[in-house]
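This briefing is intended for a reader who is meeting the structure for the first time. Please keep the sequence and the model in view while reading.

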Amino acid sequence: FSREEAVGCAPCDIGFISQAHQDQVVNDDTFTCSPCPAGTSQQRYGDVLCTSCAPGTYGNETGRSQCPKCSIGTYTPEIGANECIACEAPLTSAGVGSVSIHECVCPEGMYRARQQLA
């Protein structure tokens with residue numbers, strides 16, 4: 001295998017990266033692409049960096065092209081979260097992508113009653 005014979009380079013798929021150096025070759029004389037780790041994503045062919053999931057999003061699998069938003073009733077303040085945190089019952093969030101426990105509110109038709117002191 002020589003560099004002159006190396007033709008047909010192709011970009012890594014979305015969700016995968018290659019940080020191979022020119023001299024780094026695997027057994028079948030090809031370079032490898034690695035999936036972005038959980039908690040990250042990568043949206044462009046041939047990119048060399050994975051991006052951490054933003055607060056309000058998560059990445060529970062490797063090789064993601066996007067970090068999905070936390071669903072209604074969940075949140076995450078963390079960068080690079082693998083999962084979202086559920087609001088304490090009966091609280092929920094008003095929409096998707098919540099980033100704080102303070103976005104957990106009573107469902108429609110309910111209010112937060114003050115506790116009676118004994």
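The points below are grouped by topic, from the overall chain to individual residues.

The structure is a predicted model. Its protein chain has 118 residues, and the chain contains eight strands and zero helices. Five disulfides are found in a search of the whole structure, and a search for salt bridges finds two.

**Overall chain**

- The order of elements, read from the N terminus, is β-β-β-β-β-β-β-β.
- Of the 118 residues in the protein chain, 21% count as buried.
- The protein chain exposes about 8,600 Å², and 51% of that area is supplied by carbon and sulfur atoms.
- Where contacts join residues at least 6 apart in sequence, 40% of them join residues at least 24 apart.

**Disulfide pattern**

- A disulfide is a covalent bond between the sulfur atoms of two cysteines.
- When the bonded cysteines of the protein chain are numbered in sequence order, they pair as 1-2, 3-4, 5-6, 7-8 and 9-10.

**The disulfide of C12 and C33**

- C12 and C33 are joined by a disulfide with an S to S distance of 2.0 Å.
- The link of C12 and C33 is left-handed, with -85 degrees about the S-S bond.
- Because C12 lies in the segment before β1 (16–17) and C33 in the loop between β1 and β2 (34–35), this pair ties together parts that are 21 residues apart in sequence.
- C12 has a relative accessible area of 5%, so this cysteine is buried.
- C33 has a relative accessibility of 38% and therefore counts as partly exposed.

**The disulfide of C53 and C67**

- The sulfur atoms of C53 and C67 are 2.0 Å apart and form a disulfide.
- The disulfide of C53 and C67 is left-handed, because the torsion about its S-S bond is about -70 degrees.
- Both cysteines lie in the loop between β4 (51–52) and β5 (74–75), so the pair C53 and C67 ties together parts that are 14 residues apart in sequence.
- Are C53 and C67 buried or exposed? Both C53 and C67 are buried.

**The disulfide of C70 and C84**

- C70 is joined to C84 by a disulfide, the S to S distance being 2.0 Å.
- About the S-S bond of C70 and C84 the value is -85 degrees, and the link is left-handed.
- C70 is in the loop between β4 and β5 and C84 is in the loop between β5 and β6 (85–86), and the pair links distant parts of the chain, 14 residues apart.
- The relative accessible area of C70 is 0%, so C70 is buried.

- T76 is placed in the loop between β5 and β6.
- With a relative accessible area of 0%, T76 is buried.
- A polar atom of the T76 side chain lies 3.3 Å from the backbone nitrogen of E78.
- Which residues does T76 contact, leaving aside its neighbours within four places in sequence? T76 is in contact with P55, G56, T57, C70, A81, E83, C84, S98 and V99.
- C70 and C84, which are both in contact with T76, are the two cysteines of the disulfide described above.

**Salt bridges**

- D47 and R44 meet through their side chains in a salt bridge, at 2.9 Å from N to O.
- D47 counts as buried because its relative accessibility is 18%, whereas R44, at 55% relative accessibility, counts as exposed.
- R64 forms a salt bridge with E61, and their closest N and O atoms are 3.1 Å apart.
- R64 counts as buried at 16% relative accessibility, while E61, with a relative accessible area of 47%, is partly exposed.

**A cis peptide bond**

- Most peptide bonds are trans.
- The peptide bond that joins A89 and P90 is cis, with an omega of about 5 degrees.
- P90 is located in the loop between β6 and β7 (92–93).

Note on methods:
Residues numbered from 1 in each chain as written. Predicted model: local features only at pLDDT ≥ 70, side-chain atom pairs only at ≥ 80, totals over all residues. Heavy atoms only, no water. Disulfide = S-S within 2.5 Å. Helix = DSSP H or I, 4+ residues; strand = E, 2+ residues; numbered from the N terminus. Buried < 20%, exposed > 50% of the residue type's maximum accessible area, 1.4 Å probe, protein only. Contact = heavy atoms within 4.5 Å. Areas by Shrake-Rupley, 256 points an atom, 1.4 Å probe, with all protein chains shown as cover. Salt bridge = Lys/Arg side-chain N within 4 Å of Asp/Glu carboxyl O. Polar contact = N/O pair within 3.5 Å; in protein donor to acceptor, adjacent residues only side chain to side chain.
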